[in-house]
Amino acid sequence: MNTTKTGVLFDLDGVLVDSEGEYSVFWGGMGDRYGLPSTFSADIKGTTLGEILLSFPEKDRDGIVKALHEFEDRMLYPVYPGVMEFLTELRANGIPSAIVTSSDDVKMGFLFSRHPELKDMVDFIVTGSMVSNSKPHPEGYLKGAELIGRDPADCFVFEDSMQGLEAGRRSGATVVGIATTNPREKVEKTAHKTIDGFAGFTLDDMLAISRP
C-alpha cells in the first residue's frame, strides 16, 4: 500500500484506552436492574448512547444518562501500552488518523481532561453525535475516512468489538482486530489481522498486513 494514500481509523474504548471492563460493570448493572438479558453489556459494545437508551423506559433515560456521566467522570481511561508510540510513528510519517467512537461529547471531555496528549495525536474525532447509524453500520468509518481525506480502501481500521469489526469491514477498509474485549479466536473471524495490542506493533507491521 502506498503510504502517501494511507489513513488510520481507531475505535477508542478497548483499542486506545482500557475502559471496556468498567463499562461492562456499569451497563451490566443497569441491565440487571431492568431485567435485560445477561449479555446486554456485551451486545451494546460499539453502540451509540442514543440507541442503548432505547432498551430502557423513556421516563428513566435522563437518570441513566446522569448516572453514566457521573460514572465516566470517575474513570481513569488508562492508555494501552504502545499506543502513544504508534501514534507518534504515524505522525512522523505524515499518515493522518482519526478516532471513530460511539462515545458522546461529555465522555470525550472527561477522557481528554485525563489525557490531553491523546487528542493532539490524531487529526479528527468522530463521536456518536456525528452519526445517524451505530456500528455495525459503516457510517462512522466512512465519515472518518472522509475527514482525513483518504479512500476507505486505503485505510486501516483498529477495532475490538464485533460490531466495530463488522463496521470496518463494511467500510471497505483493512481491519485490524485487537483481542482485548473478545477472545482472539472470535476476533479472527472478522478481522484481516488480529493483534493482542500495540506494544511492539509498528508502522511496518501495519503496512505488511494483506487481505484476500
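1. A salt bridge here is a side-chain nitrogen of Lys or Arg within 4 Å of a carboxyl oxygen of Asp or Glu.

2. A word on what you are looking at: this is a predicted model, in which local features need pLDDT of at least 70 and side-chain atom pairs count only at pLDDT 80 or more, while totals for chains, interfaces and linings use all residues. Residues are numbered from 1 along each chain as its sequence is written, and side-chain values use heavy atoms, with hydrogens and water left out.

3. Back to the charged pairs: the count of salt bridges comes to 9. One of them joins aspartate 13 to lysine 107, whose closest N and O atoms are 2.9 Å apart. This pair links distant parts of the chain, 94 residues apart: aspartate 13 sits in the loop between strand 1 (7-10) and helix 1, and lysine 107 in helix 6 (residues 105-114). Helices (H or I, at least four residues) and strands (E, at least two) are DSSP runs, numbered from the N terminus. Both aspartate 13 and lysine 107 are buried.

4. Arginine 91 and aspartate 123 form another salt bridge, with 3.1 Å between the closest N and O atoms. Here arginine 91 belongs to helix 5 (residues 83-92), and aspartate 123 to the loop between helix 7 (116-120) and strand 3 (124-126), 32 residues apart. Arginine 91, at 34% relative accessibility, counts as partly exposed, and so does aspartate 123 at 36%. You will also find Asp11, Lys135 and Glu159 linked in a network of salt bridges.

5. Now to the aromatic rings. Rings of Phe, Tyr and Trp (its six-membered ring) pair if their centres lie within 6.5 Å; planes under 30 degrees apart count as stacked, over 60 as edge-to-face and the rest as tilted. The count comes to 15 aromatic pairs. Tryptophan 27 and phenylalanine 40 have ring centres 6.5 Å apart and planes at 75°, so their pair is edge-to-face. Tryptophan 27 lies in helix 1 (residues 20-33) and phenylalanine 40 in helix 2 (residues 40-43), 13 residues apart. Both are buried.

6. Which arrangement do tryptophan 27 and phenylalanine 56 adopt? Their aromatic pair is tilted, with 6.0 Å centre to centre and 35° between the planes. Phenylalanine 56 is in the loop between helix 3 (49-53) and helix 4 (61-74), 29 residues from tryptophan 27. Phenylalanine 56 counts as buried because its relative accessibility is 3%. Phe26, Trp27, Tyr34, Phe40, Phe56 and Phe71 form one aromatic cluster.

7. Finally, the interior. A nonpolar core is a set of buried Ala, Val, Leu, Ile, Met, Phe, Trp, Tyr and Cys residues joined through side-chain atoms within 4.5 Å. The largest has 47 residues, of which Phe10, Trp27, Leu90, Phe158, Phe198 and Met206 touch the most other members. Apart from it lies another core, of 12 residues, among them Val100, Val126, Val131 and Ala167.

How values were computed. Buried means under 20% relative accessible area, exposed over 50%, partly exposed in between (1.4 Å probe, protein chains only).
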